[in-house]
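Welcome! Here is a short tour for anyone meeting this structure for the first time. Please take a look at the sequence and the model before reading on.

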Amino acid sequence: ERKDLQKPLKVCTSGRILYQKNPMLFNQIASLLPEVKFIWIGDGDLKTELTAANIFVTGWVKREEALSLIKDSDLFILPSLWEGLPISLLEAMFLKKICLVSNVIGNRDVIHSGKNGLICETLQEFVDGIRKIQSGELDGMGMAEQACKDVYENYNVDLMAQKYDKIYKNELNKIQH
């Protein structure tokens, strides 16, 4: 089911509002796109950094509600300064959200720019990316479909278990021979 982008466009992120998640950049992006609705799913000490009038902070919500809010959004952004393996990003990808992320390890391990999302280096790249998706200049829906497929093929539990099983069996064989 291909759904068109909402008007106003809804952009979300999720997680604790702390330095690592770069709420300062999130706020700047929102400030430059006043016609877009921004949602931060979560709470934290740096909530005071989110001053743009078009940002709504949900506070802590149950996991089901968080996933529902992501599902109800058009885009998911993760402007983090660093990441491990960002589970919130994998969830957003699985829910077929158009993802824009900062260029850090973790994010760029999952997002291949222009294929299953966009990797952005600067404030302006985030803003331009959102505008180009909104105008249809970039095929956001196509990237979101690919993102979902990638998560399903690379990060589903059964597949991960099979991959680990193979690694362990190979290691055991080395020990035994």
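This is a predicted model: local features need pLDDT of at least 70, side-chain atom pairs count only at pLDDT 80 or more; totals for chains, interfaces and linings use all residues.

**Aromatic pairs**

- A pair of aromatic rings is described by how far apart the centres are and by the angle of the planes.
- Tyr19 and Trp82 make a tilted pair, with 6.3 Å from centre to centre and 55 degrees between the planes.
- This pair joins distant parts of the chain, 63 residues apart: Tyr19 sits in the loop between strand E1 (10-14) and helix H1 (23-32), and Trp82 in the loop between strand E4 (75-78) and helix H3 (87-94).
- Trp82 has 46% relative accessibility, so it counts as partly exposed.
- Phe26 and Phe38 form an edge-to-face pair, because their planes stand at 85 degrees, with the ring centres 5.6 Å apart.
- Phe26 belongs to helix H1 and Phe38 to strand E2 (residues 37-41), so their pair ties together parts twelve residues apart in sequence.
- Both Phe26 and Phe38 are buried, and together with Trp40 they form one aromatic cluster.

**Strand E2 and its neighbours**

- E2 is largely enclosed by the rest of the structure, because four of its five residues are buried.
- From E1 the chain passes through H1 to E2, a β-α-β crossover that is right-handed.

Note on methods. Residues are numbered from 1 along each chain as its sequence is written. Side-chain values use heavy atoms; hydrogens and water are left out. Rings of Phe, Tyr and Trp (its six-membered ring) pair if their centres lie within 6.5 Å; planes under 30 degrees apart count as stacked, over 60 as edge-to-face and the rest as tilted. Helices (H or I, at least four residues) and strands (E, at least two) are DSSP runs, numbered from the N terminus. Buried means under 20% relative accessible area, exposed over 50%, partly exposed in between (1.4 Å probe, protein chains only). A crossover is right-handed if, with the strands pointing away from the viewer, the path from the first strand over the helix to the second runs clockwise.
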